[in-house]
Amino acid sequence: MRGAIRSVGGEGGSGRRPLSRPRVRLRGSLHDQDSGAPLGGYVVRAMVDEQVVVATTGDDGRFSFEETIAPGPLSLRLDEDPTCARSPEWLVEDAFWLYENEEERELELLASIPEAVVRVIPRLPTGAAAVGASIALYHQWSFVVTRSCSHGAASFGVQVRPRPMSLTLSGTDGEHAFGPITVDGEEAQGWYELPGRLGAKLTVRVRDRYSVPMEGVLVSCGDTGPHQRETLTNGEVHFGGVLAGPCTIVARWRETSLEQRIELEAGETRTIEITLPLDSTPVLLASGRVVTEDGDPVANVRIGDPSDVVFSSTHTDENGEFVFLGLPRKRVKLSAFLPGARFEPPDISVARGKTGVEFRRIAEAPPLKVEVVDAETGRSLPRAKVSLWLDIDRQGHGFLTAFATWSADSREPFYRPFFPPQHGVCAHPGYRRRSLDVPEMMVNACGAAPYRIALEPGLYRELHIKDESTSASVVGVELVDGEEVVGTTDDTGRVILDLPTWPEALTVRAEGYVTRRWRPLDSWQQVLPPVLDIAPTEGAGE
């Protein structure tokens, strides 16, 4: 149930840490994204740093938080109301910034109702429901959602198109492993039971090449189940209820990963040590301060290396001072970022260990002005989305690093992102996706007139089609519109569709596979080419 967010009143932006300033009163409304109807009975949860406030929408979709909220980056979550059969899901994270000069903010939240609600009951070997178990849902794009069974059950809202689509459910309560079971997308509705069995307990210790414990290493354990977390200060991470049998352990730190395959037995307790070929000892890369033109300190400014934005950044304290630590390197490039602010110098390259670095806040940064229109009529396209990113994950997992997006119908200002974007795309239903000249856009969008992006009607989209059972690319798959074959996958399993209009749906067919349908509208916001899984027919390949 992913949605969009609109904010009325105040300034927008993004960031990471809250400011200890006067508090903001928050209220708003929740409506269905497609029909515009008010959505009553939902729990809206707002979070700034460690503060969490909750409000429930009325029949008119209106909500108001009784507690005021500290300024800072605001995250919103739409939770399940225990009294109604609706599913929780994130609406938006770090969507915008609440400023200290605001007294109140009015929000207009839009949400899409899920096509199906999957409800799960984990069962202990005794047959009782496992209260407190953690359940994970995986779908064909490897997206993982985790729920806690606080009342012995969990629910997930899922979009089951394009079909067929497989969903995998598994879980743990720290002692038992539940599932996994796989559910066909076309049948993804209603209640499912996950049988439990005694699992294994596993401790993973991660060290660098000098045997120093490494904190913050992401460790995943097992091919299924909600077993993924970061190591603690002692370099350890603990998993319970791991499914017995073959188990893959992967430790990832930045661009370095190490995989280890082991065999676990039910009820056993084991400790595994992993040594990454790194020197993890953080060193002083640079230190300094951020001040105004009058010399006053500026707090909560993000300082970091924009080329390494996902991993390396810090913030100035109340005295405007910062200390930037990281892995050893000869030089570091630093930039300062605060929503709505400009700094001099824009960035600076210094030798490792440099002290006394100073940034000056010189002016308010204007938001980027972008307008998306129909190339033929000049009509504004309010649903258009502009996406910018730094690069595609080098590990080949298909993730976008340092990703930012902006909606044309959003009332939030569109500021220059902290990272230097290398790629960009603009998309709108019914129109050809357009790649953006990012440097040109960054320069011209700051001018007096908006930077205009003109989209032409039609569909231009790359698809990647894989075998659902093996994940191998499938060659020779035909995509059919009515009776006309409009595309066939090449020897890499990919096809580029170039059509004058958007079809409601295309038929995807191949010898030895179950025929399915694909709707372009279901993935128009997806930046990377959609991956479609097709299921072999019974007996195929035997």
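Which residues lie nearest the centre of the second largest pocket? The views below start there. This is a predicted model, where local features need pLDDT of at least 70 and side-chain atom pairs pLDDT 80 or more, while totals for chains, interfaces and linings use all residues. Residues are numbered from 1 along each chain as its sequence is written, and side-chain values use heavy atoms, without hydrogens and water.

**View 1. The second largest pocket holds about 690 Å³ of space.** A336, A341, P346, R416 and P417 lie nearest its centre, among 27 lining residues. A pocket is an open set of points on a 1 Å grid over the protein atoms alone, with protein on both sides within 12 Å along at least five of seven lines; lining residues have an atom within 4 Å of a point. Strands β27 (331-337) and β28 (341-344) each give at least two residues to the lining; strands are DSSP runs of E, at least two residues long.

**View 2. The largest cavity has a volume of about 60 Å³.** In a cavity, a 1.4 Å probe fits but cannot get out. Among the residues lining the largest cavity are H428, Y431, W502, W518 and W524. The structure holds four cavities of 30 Å³ or more.

**View 3. L284, V323 and L325 make a nonpolar surface patch of about 240 Å².** V323 sits in strand β26 (residues 321-326).

Methods
Patches are made of residues with over 30% relative accessible area and no salt bridge: like charges are joined within 9 Å, nonpolar side chains (Val, Leu, Ile, Met, Phe, Trp, Tyr) within 5 Å. Accessible areas come from the Shrake-Rupley method with a 1.4 Å probe; for residues, only the protein chains shown count as cover. A salt bridge is a side-chain nitrogen of Lys or Arg within 4 Å of a carboxyl oxygen of Asp or Glu. Helices (H or I, at least four residues) and strands (E, at least two) are DSSP runs, numbered from the N terminus. Grid points are joined across faces, edges and corners, and a volume is the space filled by probe spheres set on the points.
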